[in-house]
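Welcome! Please take a moment to look over the sequence and the 3D picture, and then let us walk through them together.

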Amino acid sequence: MPRYVVHRRFAGVSEAEMQEVNIRAGRLPVERFTDLTWEHSHVCIGRDGEFESFCIYRAPSAERLHEHAEVLGYHAVLDILEIIDDVTPADVGAGP
């Protein structure tokens, strides 16, 4: 199944609301989107001080991830990109 990175922006979302989003994000694949696998997320503070995230999913399509995002709420999807490869420092001779 293809893998994707989903770039989200949570404008005006408080830290408490982000906790709620995290709980919902964990439940949705189990309860409603059983064809999605959430691998992990990087939550960041954007240049404007708002929360942003970069989430890695296995999904049948980018469209399915857009459906998931609509149900999750509290955010805008800035981009969804298909992952074609993973590279680590060890892959390029820079790691242990």
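What follows is a short tour, from the whole chain down to single residues.

## Before we start

This is a predicted model, in which local features need pLDDT of at least 70 and side-chain atom pairs count only at pLDDT 80 or more, while totals for chains, interfaces and linings use all residues. Residues are numbered from 1 along each chain as its sequence is written, and side-chain values use heavy atoms, with hydrogens and water left out.

## The overall layout

The protein chain has 2 helices and 4 strands. Here helices (H or I, at least four residues) and strands (E, at least two) are DSSP runs, numbered from the N terminus. The C-alpha atoms fill a box of roughly 40 × 30 × 20 Å, taken along the principal axes.

Of the 96 residues in the protein chain, 34% are buried. A residue is called buried under 20% relative accessible area, exposed over 50%, and partly exposed in between (1.4 Å probe, protein chains only). The chain exposes about 6100 Å², and carbon and sulfur atoms supply 52% of that area; the areas come from the Shrake-Rupley method with a 1.4 Å probe, and for residues only the protein chains shown count as cover.

How much of the contact in the protein chain with a separation of 6 or more comes from residues 24 or more positions apart? The share is 71%, where contact means heavy atoms within 4.5 Å.

## The sheet

The 4 strands form an open sheet in the order S2-S3-S1-S4, with antiparallel pairing. Two strands pair if DSSP finds at least two bridges between them. S2 and S4 are the edge strands, each pairing on one side only. Ignoring direction, neighbouring strands are turned by 20 degrees against each other on average. Axes are lines fitted to C-alpha atoms, for helices over the stretch in contact, and angles run from 0 to 180 degrees between N-to-C directions. Helix H1 packs on this sheet and touches S1, S2 and S3, its direction making about 165 degrees with that of S2.

Let us look at S3 in detail. It is mostly covered, with 6 of its 8 residues buried. S1 and S3 are antiparallel and share 8 bridges, and Phe 10 has Phe 51 of S3 as its bridge partner. Strand S2 (residues 37-45) is also joined to S3 by 8 bridges, again running antiparallel. Thr 37 has Arg 58 of S3 as its bridge partner, and Ser 41 stands opposite Cys 55. The hairpin of S2 and S3 has 5 residues between the strands, and Gly 49 there takes a positive phi near 90 degrees.

## The nonpolar core

In soluble globular proteins, nonpolar side chains tend to be buried together. A nonpolar core is a set of buried Ala, Val, Leu, Ile, Met, Phe, Trp, Tyr and Cys residues joined through side-chain atoms within 4.5 Å. The largest one here has 18 residues, of which Tyr 4, Phe 10, Leu 36, Tyr 57, Leu 65 and Ile 80 touch the most other members. Strand S1 (3-10), helix H1 (15-31), strand S3 (51-58) and helix H2 (62-72) each give two or more residues to this core. H1 gives the most, with 4 residues.

His 68 lies in helix H2. Is His 68 buried or exposed? It counts as buried, because its relative accessibility is 0%. Away from its neighbours within four places in sequence, His 68 is in contact with Arg 8, Leu 28, Pro 29, Phe 33, Leu 36 and Tyr 57.

Tyr 74 sits in the loop between H2 and strand S4 (76-83). It has a positive phi of about 70 degrees although it is not a glycine. With a relative accessible area of 35%, Tyr 74 is partly exposed.

## The cysteines

How many disulfides are there? The count is 0, taking a disulfide as a pair of cysteine sulfur atoms within 2.5 Å. The sulfur of Cys 44 is 9.6 Å from its closest cysteine sulfur, in Cys 55, so the two are too far apart for a bond. Cys 44 is partly exposed at 30% relative accessibility, whereas Cys 55 is buried, with a relative accessible area of 4%.
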